[in-house]
Amino acid sequence: MAERGALPDSTQLLERDREFDQLASALRSARDRHGMVALVSGEAGIGKTTLVRRFLRTLPGDIRALAGSCEDLIAARVLGPFREMLPGTPMGNADAAADLLIAQAERAAGGALVAVVDDVQWADDASLDVIRYIGRRIGTLSLLLVVIFRTEQEPENARLRRVLGALSGHSTLRLELAGLSDDAVRAWSE
């Protein structure tokens with residue numbers, strides 16, 4: 001139990017066991033070269049990023065994790081999350097970024113690669129193209145691509161809706177986080 005006035009333990013997951021287990025199952029699938037896209041969605045502040053960060057902290061040593069975020073900029077940084085994942089690596093366009101990420105997954109012999117793109121509601125067109133391209137080919141890769149986005153901004157973002165709509169089938173896992181129960185909120189705040 002946290003002391004009064006202390007910040008809650010951000011590693012504590014309340015009422016997220018099912019989603020955590022589904023991410024772990026998707027990773028097992030990726031280890032068997034049946035890659036998966038995990039779409040983690042929910043309203044702002046509901047715990048999407050916390051869930052994924054907690055999941056990343058539990059990865060076995062043979063799993064490599066890369067993460068990048070999209071920013072709420074007036075002019076979105078082209079391929080920003082992928083440049084963050086692979087700093088210093090030249091990426092001229094979406095094709096190059098996709099090829100680099102696929103090459104990283106193919107080098108994950110015996111393990112797998114987990115690539116996280118956070119705040120996709122703010123992604124530039126090129127980043128969305130990479131997500132869609134990889135998502136449609138992921139079934140034969142040792143890759144778990146985790147895409148995190150806010151649901152309240154999805155309806156107004158036609159580009160994002162189009163990409164998410166193209167990601168379907170047995171290689172796509174949709175995790176829409178619901179709000180915590182009153183009991184969980186009380187436990188978290190105590």
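In which sense do strand 1 and strand 4 pair, and over how many bridges? Strand 1 (residues 36-42) and strand 4 pair in the parallel sense, over seven bridges. The model shown here is predicted: local features need pLDDT of at least 70, side-chain atom pairs count only at pLDDT 80 or more, and totals for chains, interfaces and linings use all residues. Residues are numbered from 1 along each chain as its sequence is written, and side-chain values use heavy atoms, with hydrogens and water left out.

**View 1. The open sheet has five strands in the order 2-3-4-1-5, with parallel pairing.** Strand 2 (63-69) and strand 5 (172-176) stand at the edges with a single partner strand each, so one side of each is left without a neighbour in the sheet. Neighbouring strands of this sheet are turned by 15° against each other on average, direction ignored. Helices (H or I, at least four residues) and strands (E, at least two) are DSSP runs, numbered from the N terminus. Two strands pair if DSSP finds at least two bridges between them. Axes are lines fitted to C-alpha atoms, for helices over the stretch in contact, and angles run from 0 to 180 degrees between N-to-C directions.

**View 2. Strand 4 (residues 143-150) has seven of its eight residues buried, so it is largely enclosed by the rest of the structure.** Buried means under 20% relative accessible area, exposed over 50%, and partly exposed in between (1.4 Å probe, protein chains only). Strand 3 (residues 112-118) runs parallel to strand 4 and is joined to it by five bridges. Val116 has Val146 of strand 4 as its bridge partner. From strand 3 the chain passes through helix 5 (residues 125-137) to strand 4, and this β-α-β crossover is right-handed. Right-handed means that, with the strands pointing away from the viewer, the path from the first strand over the helix to the second runs clockwise. Two further residues face strand 4: Val117 stands opposite Val147, and Leu113 stands opposite Leu143.

**View 3. Strand 3 has seven of its seven residues buried, so it too is largely enclosed by the rest of the structure.** Ala112, Val114, Val116 and Asp118 point one way from the strand, while Leu113, Ala115 and Val117 point the other way. Strand 2 and strand 3 run parallel and are joined by seven bridges. Within this pairing, Ala65 has Val114 of strand 3 as its bridge partner.

**View 4. Helix 5 lies across strand 1, strand 3 and strand 4.** Helix 5 runs at about 135° to strand 4.

**View 5. In helix 6 (residues 158-166), Leu160, Val163, Leu164 and Ala166 are buried.** Seen down the axis of helix 6, its buried residues fall within an arc of 160°, so they line one face of the helix. The arc is that of the directions from the helix axis to the C-beta atoms. These buried residues pack against strand 1, helix 5, strand 4 and strand 5, where contact means heavy atoms within 4.5 Å. Exposed Arg162 and Gly165 are carried on the face turned away from the buried side of helix 6.

**View 6. Thr172 is found in strand 5.** At 15% relative accessibility, Thr172 counts as buried. A polar atom of the Thr172 side chain lies 3.3 Å from the backbone nitrogen of Ser168. Apart from neighbours within four places in sequence, Thr172 is in contact with Met36, Val37, Leu39 and Leu167.

**View 7. Leu79 is found in the loop between strand 2 and helix 3 (80-85).** At 0% relative accessibility, Leu79 counts as buried. Not counting residues up to four places away in sequence, Leu79 touches several residues, among them Met91, Asn93, Ala94, Asp124 and Val130. The C-alpha atoms of Leu79 and Leu128 are separated by 8.7 Å, although these residues are 49 residues apart along the chain.

How values were computed: A polar contact is a pair of N or O atoms within 3.5 Å; within protein, one must be able to donate a hydrogen and the other to accept it, and residues adjacent in sequence count only if both atoms are side-chain atoms.
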